[in-house]
Amino acid sequence: MDITILNCPVCPHCGVENVAFQMVAQYLGDEAYKTAAYQLWICGNCGLPACSFTPRPLETRGYIPRDLYEFFPIPKEVAAPYGVPDEMAKAFRSAKRFLKMGKDADYEAACVMARRVIDIAVNDMGAEGKNLFQKIENLEKKRLIPPAMRDWAQCLREIGNIGAHVEEATCDDAEQAVYFAEMLLIYLYTLPKQTEERRKNP
């Protein structure tokens with residue numbers, strides 16, 4: 001079989017965008033009439049399989065992605081928490097993608113981007129201070145976050161520093177950083193947004 005490549009918007013397993021899938025097998029639903037076919041693909045990044053269905057067999061040359069009717073598992077878009085401003089949402093999605101890149105996961109980059117999330121957030125909230133540590137403390141002083149959330153944000157800042165310097169970040173560091181960033185965004189943006197919408201539509 002000649003190699004056939006599909007550029008998938010995002011791998012349903014590792015989350016890498018615009019990744020190349022290689023077709024390793026194709027099964028015809030009706031051998032006699034050459035109608036309907038099922039394909040087995042392998043992700044070029046994580047090596048995990050996915051399946052597709054087409055109304056007719058895919059030729060080794062000349063087909064286009066819209067011929068695919070179904071793709072399983074269904075790719076899930078990496079999303080930021082609801083109600084988060086665009087710049088923060090973009091940084092959060094980047095952090096999560098760096099974490100979910102399978103064998104090419106970049107834990108340092110995930111930590112740095114998660115730290116960037118809180119950096120953007122505290123500035124958006126009008127926190128005062130010469131550095132991120134002081135700004136986080138100022139948020140708590142203004143009662144925009146409770147002490148527990150302040151401690152959480154400081155922990156995330158420290159984890160982010162690991163990725164930004166010579167120390168090697170671990171998978172656990174990156175997972176905690178992304179999780180902390182998500183909880184902070186939910187507290188600062190998602191919950192207030194949902195409360196506001198609820199009050200408008202009782």
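Predicted model: local features only at pLDDT ≥ 70, side-chain atom pairs only at ≥ 80, totals over all residues.
**Stop 1: H1 and H2.** Select residues 86–99, which form helix H1, and residues 107–124, which form helix H2. Their axes come within 8 Å and cross at roughly 165°. Angles over 145 degrees count as roughly antiparallel, so H1 is roughly antiparallel to H2. The crossing is left-handed. Now show the side chains where the two helices meet: on H1 they include Met 88, Ala 91, Phe 92 and Ala 95, and on H2 they include Ala 110, Met 113, Val 117 and Ile 120. The residues of this contact comprise 14 nonpolar, 1 polar and 3 charged.

**Stop 2: H2 and H5.** The axes of H2 and H5 lie 8 Å apart, at an angle of about 20°. H2 and H5 are therefore roughly parallel to each other, and H2 passes H5 in a left-handed crossing. Among the residues that meet are Cys 111, Ala 114 and Ile 118 in H2, and Ala 177, Ala 181 and Leu 188 in H5. This contact divides into 16 nonpolar residues, no polar ones and 2 charged ones.

**Stop 3: the cores.** Which residues have the most contacts inside the largest nonpolar core? They are Met 88, Leu 156, Leu 185 and Tyr 189, in a core of 35 residues. Centre the view on Leu 185: leaving aside residues up to four places away in sequence, Leu 185 touches Pro 81, Val 84, Met 88, Phe 92, Val 117 and Thr 190. Finally, select Leu 6, Val 16, Met 23 and Phe 71, which are among the 13 residues of another core, apart from the largest one.

Note on methods: Residues numbered from 1 in each chain as written. Heavy atoms only, no water. Axes fitted to C-alpha atoms, helices over the stretch in contact; angles between N-to-C directions. Helix = DSSP H or I, 4+ residues; strand = E, 2+ residues; numbered from the N terminus. Parallel < 35°, antiparallel > 145°, perpendicular 65-115°, else oblique. Left-handed = near helix turned anticlockwise from the far one by under 90°. Contact = heavy atoms within 4.5 Å. Nonpolar A, V, L, I, M, F, W, Y, C, P; charged D, E, K, R; others polar. Core = buried A, V, L, I, M, F, W, Y, C linked by side-chain atoms within 4.5 Å. Buried < 20%, exposed > 50% of the residue type's maximum accessible area, 1.4 Å probe, protein only.
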